[in-house]
Amino acid sequence: MTQKITTKPGKYTGSGQGKESIINVEVDVNEDKINSVKALNNFAPDSLADNAFKKMADKIVKNQSVDVDVVSGASETSRGIIAGVKDALTKADVDFAALKENGTQNASSDKEVIDVDVAVVGAGSAGAAAALAAKQEGASVALLEKTISPLGAGTFAGGMFAADSQQQKDSDQVVSKKWLYDEYMDASQGYMNSILVRRIIDESGKTVDWLNENGAIMKLVDAGTGGSYDHIGMPATLHGYQEGGTKAITKLIEKFESIGGKMYFGFAAKKLLQEDGAVTGVVAQGDDSTLEVHAKKVIIATGGFGGNPEMRKEYLGDVSTQGQVLQNTGDGLNMAWDAGTAHHINGSTHYFWQTFSNEDIGAMAKIVGPGWMPLNALADFPNLRVNNRGQRYASETHALDFAVHGAELSEQPKQTEYVVLDQAMLDKIKEGGTVAIEDHYGKWKNHREFYMEFNYPTDTEENIKREHEKTDFTALLNQLESTNVVFIGDTIEELANKMGVDSDNLQKSVAQYNNAKKTGEDDLFFSDTNRMIPVENGPFYAVKFIARNLGTLGGATIDEKMHALTPEGEPVPNLYVTGADASGMYGKAYVDFEGGTLGFAYISGRLAGIDAAETAKASK
């Protein structure tokens, strides 16, 4: 029997802290139930926040409870919504014990059973490609995704590599497959499945062409256009998203559905079904229903375990910054391993550039809101970098070779560095823009290059304008000195004390770095001294960054057809593993050319989908 929950029915407002801002809600409640939950924020239509709010509001009203699961991929926003609803219900003097009892009475769980040729777990770049390719080969396909909308590393990426796409052929920019293979070999030092690597390279151009044919529009751009100074002049491998990764993957899924594919958002795969060692399907859980999929073939494409702190500690060690995609928690890998797939984790993580910790971003945002973001620009040059012991730790001229610098930074204590600069550099930027320090985009003046990364434009025309803007960073640094990010000292000794690093070490690092610049020879790390920026005129500044982990790479052993393999090297019957869940493409480090990870995701997904469909149909 439904219990009375309040004697003060009506509409009440409440608020809770979301990912980046306060979420405000209006809750309509009567004596025995919650009638509705409405947003008072103006969320962009169909944005992640908008979709998350609709989903959470529906859960709360349907279950008559605030004890509901968060939306995968929008956990912080979900918790903010729950907090806001609780705040409003508290103002209504709601009896939460009675509400919980009513919610328990409303709880229900349905079960749906379907039969398909191919089931794909994960609807990111690898999964969307696998599902669409399998469907186009004539298979019946179900695509399962635990988030409520496309959200994965493929939605944030800038583009994928290729050797011989039609665009490369048309512009006479075909890339040597030997060069690409040698790049993989250099990055892995042999810790790679060379048969797999060769097939991925061979299929790269075909996959770009296929993606363009199916609506994920990509265009060939010059190496280095994304700001990686060291890549300027390298072969053009990157085919950049023209509408952003989210729209590209959305279009692939829409194409998949338009030809009869079954899409299940909000269903988290929990276990693989097996009979006599052969995979026969997958069980997934939705908010209030279970989906049991019987399938001839199953493809895992869940993006690694960068968002799982326990797995990162177990497999990567004590020090590992969290991945950028928090919902990638190793679900697919654990299922594949449980099904008999060999563990294959060799420590490969996609460290790329540097970033600020979430805590530090929060502290800066409280002072200047989004105004902290230009601070990133101060890491775009070969300034002196020291670790948390005050030691210079690598050639600063690697700083814009993002994969290399990310790897170097990951090896430092607490994966932390300080970028050290002086007032003279800031004065030059104030008088002439950052181009007065180093020209990163002038090569493309009157030759625009454009693509989308993190769903924002990377536009050489705009970047040229930006680096010529006269900017006064001094005021921003002074505002943020109270955080644990920015440190200022009139002397190097004072700076070291404020940073909390060894003063002798920092002074020696500054002296050695300045001497290298003066003499033209860096006898420590062999830097290009022409690019080094002296640290001579106080006040002196240090900005703290941590390693940027885009996600993990690998975990399950596969062959060149993306078949999951047992420890004995035999296929796990009917199981495929793709993208960041699959091992074999990388050793310890990410490959040093543009578009490698997204390329492997799309290519491995497409190839797995084709093979799964062909073999599933052959078994009928």
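Is R531 buried or exposed? R531 is buried, with a relative accessible area of 12%; buried denotes under 20% relative accessible area, exposed over 50%, and partly exposed the range in between (1.4 Å probe, protein chains only). The model is predicted, so local features require pLDDT of at least 70 and side-chain atom pairs count only at pLDDT 80 or more, whereas totals for chains, interfaces and linings use all residues. Residues are numbered from 1 along each chain as its sequence is written, and side-chain values use heavy atoms, with hydrogens and water left out.

**First selection: D230 and R531**

Select D230 together with R531: the two form a salt bridge whose closest N and O atoms are 3.2 Å apart. The term requires a side-chain nitrogen of Lys or Arg within 4 Å of a carboxyl oxygen of Asp or Glu. Because D230 sits in the loop between β7 (218-220) and β8 (238-241), and R531 in the loop between α18 (503-519) and β19 (540-552), the pair ties together parts that are 301 residues apart in sequence. Helices (H or I, at least four residues) and strands (E, at least two) are DSSP runs, numbered from the N terminus. D230 is partly exposed, with a relative accessible area of 26%.

**Further charged pairs**

Side chains of opposite charge can pair when their charged atoms come close. Over the whole structure, a search finds 29 salt bridges. Move to D50 and K54, where the closest N and O atoms of the salt bridge are 3.2 Å apart. These residues are four apart in helix α1, and are therefore separated by about one helical turn. D50 counts as buried at 12% relative accessibility, while K54 is partly exposed at 49%.

Next, select D318 and K313, a salt bridge with its closest N and O atoms 2.6 Å apart; both residues are exposed. Then display D164, K177, R198 and D202, which are linked in a network of salt bridges.

**The sheet β1-β2-β3**

Select residues 10-17 and 34-39: these are β1 and β3, the edge strands, each pairing on one side only. With β2 they form an open antiparallel sheet of three strands in the order β1-β2-β3, where pairing requires that DSSP find at least two bridges between two strands. The twist averages 25° from one strand to the next; angles run from 0 to 180 degrees between N-to-C directions, and axes are lines fitted to C-alpha atoms, for helices over the stretch in contact. β1 and β2 (residues 22-29) are joined by eight bridges, and G14 has V25 of β2 as its bridge partner.

**Helices α4 and α9**

Select residues 125-136 and 245-258: α4 and α9 pack at about 25°, with their axes 9 Å apart. The contact includes A128 and L132 of α4 and L252 and F256 of α9.

Which residues of β5 (residues 141-145) are covered? V141, L143 and E145 on one side and A142 and L144 on the other are all buried. β5 pairs in the parallel sense with β4 (residues 110-121) over four bridges, and V120 has L143 as its bridge partner. Four bridges also join β5 to β9 (residues 262-265), again parallel, with A142 opposite K262.

Conventions: Contact means heavy atoms within 4.5 Å.
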